[in-house]
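These are my notebook entries on one protein chain. I set down what I looked up, entry by entry.

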Amino acid sequence: MAAQIAGVFEPSLQEKISNSKILVVGAGGIGCEILKNLVLSGFQDIEIIDLDTIDVSNLNRQFLFHKEHVGKSKANVARESALSFNPNVKIKAYHDSITTTNYGVSFFQQFQLVLNALDNRAARNHVNRLCLTADVPLIESGTAGYNGQVELIKRGQTQCYECTPKAAQKSFPGCTIRNTPSEPIHCIVWAKHLFNQLFGESNEDEDVSPDTADPEAGAEAGESALAADANEKGNVDRVNTRTWAAQCGYDPEKIFNKLFYDDINYLLSMSNLWKSRTPPNPAKWDALEEDGEAAAPTDTVLRDQKVLSLTESAKVFGDAIGVLKDAFGKLPDGDHLVWDKDDKYAMDFVAACANIRAQIFNIPRKSRFEIKSMAGNIIPAIATTNAITAGVVVMHAFRVLKGEFEKCKSVYMRLRPNARNQLFVPDRALNPPNPKCYVCAAKPEVTLKVDTKNVTVKELRDDILIKTLNMIGPDVTIDGKGTIVISSEEGETDCNNDKKLEELQIVDGCILKVDDFVQNYELTVTIVHKDPARDEPSFDIVADPESLKPKEDEPEAQPSKSNGNSKPSTSTAPAADDDDDMCIVEEDGEKPAAGSDEAEAGPSGTSSGPEKRKNDDTEGPSTKKARVEEKEGEDDDDDLIVIN
């Protein structure tokens, strides 16, 4: 191996390579390449962790895996394959999630360096915080198609992964998804929500039924349809979508007619919606069968590329429901399926439903391949980009071991040369920490603008502290009173879950002290009450409290004189369903925001089929509840491309 060959490395680096203990988080496309590079470079003590198992789709770019490994642990197989290069290396593999309590600060402190090769933001945030607390250098990396980037995160010297806002997933108003779709993505989001309504984890915010509260529909929305459904007492009996589907035996014809005929007629009764729009055309199962069109092609490639007709989509819809019903029926009571873009029938269901709804609303239909890309937010992974990125990661590792942190500037890979004819674009200097960062600042704090009258303690814990602020097991007390609002001890504060914040005196001006023992992370949260408008998030998180201060003392407004440097505040919401394939890359050689998401599966990767749910961080694009605001510095560059 290189470190054992005289003259390849200088003696001091050669010794450090042999004696250093390295942690690799993620054994996907980048992780496999990093592990291979570490072994061939002469590192003797390596640990690797990944929750995921090997899928057939991984084999075209994750070269430590082969056909016979499908279904096995990525971490374990990566270890076995890497040992074939050098059996004398000590490699320990964990088939586990890095976010569990087994891997706390003391675990990270045993390593000289941590190398991230993850595919989701939540796990990246978690590793970022633990490395900061343990004071262990972290090398973060990511790819998206032909673009990639590598950056060093070192406490007190560089910005951390959460110092700058990350691009938010695009969200859509619920009434648009339910009532007035106008783009293919609206139909795809609706179809994914329907999957969850029938087979997945049900969420009332993802209800696919027509929205009678739509302000455009008017006060008398759907009155005729409601009257028709009224019982003898004049009330409408509401039945849960999944309960109703189970009662009718998941009959494809009945479900089809309910979704695409009855519900569409219900929408048509909301006449105000169609004054300036083309009304939808209801579709009925019996009428489709009379079309006599050819069955959907069975060849996989042809089938993925073809745009199916309404009748063909209905046939795929019926077949998918039959298979999903059987899979769902085999699960224990209370369990559910998880939608996965790589599961044939789960993907068929969404593609068919999306195209049927698109046809009804006069929206262009898409091929299964196009729908899969949009539904999974996919940017194809490129093996060469992963290999180049992993090479830069290990070269950064050499510099870190030598203590040459100032040479570990962020590097960005691109498909085409920039204005300076560079394919590999380094930053001009290390990016310093953001003094307003709510993670790595000396005293982390945020201001939470929240509807204290309606948001519950459970929503504060689950939606705000865990999903949005990426904590694992938060403990919350009211500053100055010592009142325990949320405890990480199971069952200790369950009695508070359904209480509104104001019931516990969490009102405007209140200060909360939040402590996450797992991450060794403390945060001060100042509460500001807000009354959200319709379709507005029930809470916003402001990372820079200065942006909330009154502006009476500011000088009188003058005509704008832009110098090309000023930028508006940026809003972003870290997603809990991790956005698998997002990368923020720079354009024309300018500095991008830090952080990117690699297009491979990592420690909290998705399941490989419609199986039981593994984690709680998947959330549909139309149910975004939070917005995180952070004031950017005046010297930030404007030339960013956000790929998502």
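In which helix do Lys36 and Glu33 lie, and how many residues apart are they? I note before answering that the model is predicted. Both residues lie in helix H2, which covers residues 29-41, and they are three residues apart, about one turn of the helix.

**Entry 1: helix H2**

I looked up the contact between the two side chains and found a salt bridge between Lys36 and Glu33, with the closest N and O atoms 3.1 Å apart.

H2 is mostly covered, with eleven of its 13 residues buried; among them are Ile30, Cys32, Ile34, Leu35, Leu38 and Val39. For its length, I took 1.5 Å a residue, so the 13 residues should span 18 Å; the end C-alpha atoms are 19 Å apart, which agrees. After H2 comes Gly42, which has a positive phi near 110 degrees.

**Entry 2: other salt bridges**

I searched the whole structure and found 20 salt bridges. I examined two further pairs.

The side chains of Arg129 and Glu162 form a salt bridge, at 2.8 Å from N to O. This pair links distant parts of the chain, 33 residues apart: Arg129 is in helix H5 (residues 121-134), and Glu162 is in the loop between strand E6 (147-153) and helix H6 (174-178). Both Arg129 and Glu162 are buried.

The side chains of Glu404 and Lys402 also meet in a salt bridge, here at 3.8 Å from N to O. Glu404 is buried because its relative accessible area is 19%, and the cut-off for buried is under 20%. Lys402, with a relative accessible area of 31%, is partly exposed. Salt bridges with shared partners join Glu10, Lys402, Glu404 and Lys407 into one network.

**Entry 3: the nonpolar cores**

Which residues have the most contacts inside the largest nonpolar core? I found Trp190, Phe199, Phe256, Phe317 and Phe349, in a core of 56 residues. The elements that give two or more residues to this core are helices H7 (184-198), H10 (252-268), H11 (285-289), H13, H14 (344-360) and H15 (368-375). The largest share, eleven residues, comes from H14. A second, separate core has 54 residues, including Leu132, Cys163, Leu460 and Leu465. In soluble globular proteins, nonpolar side chains tend to be buried together.

I followed Phe317, which is placed in helix H13 (residues 310-329). Its relative accessible area is 0%, so Phe317 is buried. Leaving aside neighbours within four places in sequence, the contacts of Phe317 include Pro252, Phe256, Trp285, Phe349 and Ile356. Phe317 and Ile356 are 39 residues apart in sequence, and their C-alpha atoms are 9.2 Å apart. Phe256, with residues up to four places away not counted, touches Trp285, Leu288, Ala314, Phe317 and Ile356, among others.

E12 pairs with strand E10 (residues 474-478) in the antiparallel sense over five bridges, and Ile478 stands opposite Leu512. E12 also runs antiparallel to strand E13 (residues 521-529), to which six bridges join it; here Val514 stands opposite Leu523. The hairpin of E12 and E13 has four residues between the strands, and in it Asn520 takes a positive phi near 50 degrees.

**Entry 4: Asp540**

Lastly, I looked up Asp540, in strand E14 (residues 539-542). Asp540 counts as buried because its relative accessibility is 2%. Its side chain makes a polar contact of 3.2 Å with the side chain of Lys530.

How values were computed:
Residues are numbered from 1 along each chain as its sequence is written. This is a predicted model: local features need pLDDT of at least 70, side-chain atom pairs count only at pLDDT 80 or more; totals for chains, interfaces and linings use all residues. Side-chain values use heavy atoms; hydrogens and water are left out. Two strands pair if DSSP finds at least two bridges between them. Buried means under 20% relative accessible area, exposed over 50%, partly exposed in between (1.4 Å probe, protein chains only). Contact means heavy atoms within 4.5 Å. A polar contact is a pair of N or O atoms within 3.5 Å; within protein, one must be able to donate a hydrogen and the other to accept it, and residues adjacent in sequence count only if both atoms are side-chain atoms. A nonpolar core is a set of buried Ala, Val, Leu, Ile, Met, Phe, Trp, Tyr and Cys residues joined through side-chain atoms within 4.5 Å. A salt bridge is a side-chain nitrogen of Lys or Arg within 4 Å of a carboxyl oxygen of Asp or Glu. The expected span of a helix is 1.5 Å times one less than its number of residues.
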